[in-house]
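Take a look at the model first, and then we can walk through the details.

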Amino acid sequence: MITLGLDIGSVAAKGVLLTPEAKWQALVPTGWSPRAAGQQLIETLTKEARLERSGIDAIVATGYGRISIPEADKAITEITCHAKGLSSLLPQVRTIIDIGGQDSKVMRLNDGGRVIDFAMNDKCAAGTGRFLQVMAQVLGMDVSDLSDAEDPEATVSINSMCTVFAESEIIGHLAQGKSRGGLIAGLHESVAKRVAAMAARIGVVGPVAFTGGVAKNRGIRRALEAELKVPLLCPEDCQFTGALGAALLARSLGQ
Ligand code: ADP
């Protein structure tokens, strides 16, 4: 059976195509049109796997743009897809922390990999990838370079929770000559504290996995491990967990 999972996120659209022999994956910026991003992924992945569109047996869409994908046979929530994807990679995990572009979530799983509780922040940019993107821009760098540039020894604590005020705070610190590396470490700490507080509400049970695009940032991982006092497992393709789960869940549709 050949299935496709599409995770149409606020920042990035991810697709995983599963054939009996292979896995193909692709990422495109979501841009202004979730629908166009979905179509681009279908085109790219069918081309790479040398398939016709009709060769795909079932498509599941997830992510904030999941309802905008007419090609999908079913839309399934991110929580369910992330749990499915992660459990297939790391079945021992009991808590998943996922930080994406527009939200952060913590999911607790039972021994069978089913979600038994979750907490989510999708009301405020603080504690999300968007917060880090805005701050990277203020610091004149790309979000992917934050991790290598941080200097935890010189951490400057960032007190503002609100993204707009935190931006002003950073500008003020830069004017006072504070080091960029210290400020980045402070930003990582600020995101980690916020997410750790959310995780504490439902309780963190190990082993714990860290997923989402922000899990690519080793500085956030370091700061979260320090806050939670547990090691975090990061799957290699941490940004594709939801799309993988969607592709796996699609298998039950075509049967
Ligand atoms: P969404 O599903 O909401 O689009 P993702 O899980 O795809 O979110 O994560 C997007 C976020 O991941 C971005 O906002 C950015 O902060 C972060 N990110 C993406 N690529 C990298 C990278 N190479 N290094 C560090 N952070 C990254």
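## Two domains

The protein splits into domain 1 (3-80 + 241-254) and domain 2 (92-234), with bounds that come from an automatic or database domain assignment. Their C-alpha centres are 27 Å apart. Domain 1 brings 6 residues to the contact and domain 2 brings 10 residues, where contact means heavy atoms within 4.5 Å.

A note on the basis: this is a predicted model, in which local features need pLDDT of at least 70 and side-chain atom pairs count only at pLDDT 80 or more, while totals for chains, interfaces and linings use all residues. Residues are numbered from 1 along each chain as its sequence is written, and side-chain values use heavy atoms, with hydrogens and water left out.

## The domain interface

About 690 Å² is buried between domain 1 and domain 2, with 65% of it on carbon and sulfur atoms; buried area is the accessible area (1.4 Å probe) that two parts lose on being put together, summed over both. Of the area that domain 1 buries against domain 2, 68% comes from Ser10, Val11 and Ile79, more than from any other three residues.

How many salt bridges cross the interface of domain 1 and domain 2? The rule finds 1, taking a side-chain nitrogen of Lys or Arg within 4 Å of a carboxyl oxygen of Asp or Glu. Glutamate 78 forms a salt bridge with lysine 105, and their closest N and O atoms are 3.3 Å apart.

## Around the ligand

There are 18 residues around the ligand, and Val11, Ala12, Lys14, Gln133 and Gln239 come nearest; a residue counts as near if one of its heavy atoms lies within 4 Å.

A polar side-chain atom of glutamine 133 is 2.5 Å from one oxygen atom. Backbone N or O atoms also take part: one of glycine 101 lies 2.8 Å from a ligand oxygen atom, and one of glycine 213 lies 2.9 Å from a ligand oxygen atom.

Technical notes. A polar contact is a pair of N or O atoms within 3.5 Å; within protein, one must be able to donate a hydrogen and the other to accept it, and residues adjacent in sequence count only if both atoms are side-chain atoms.
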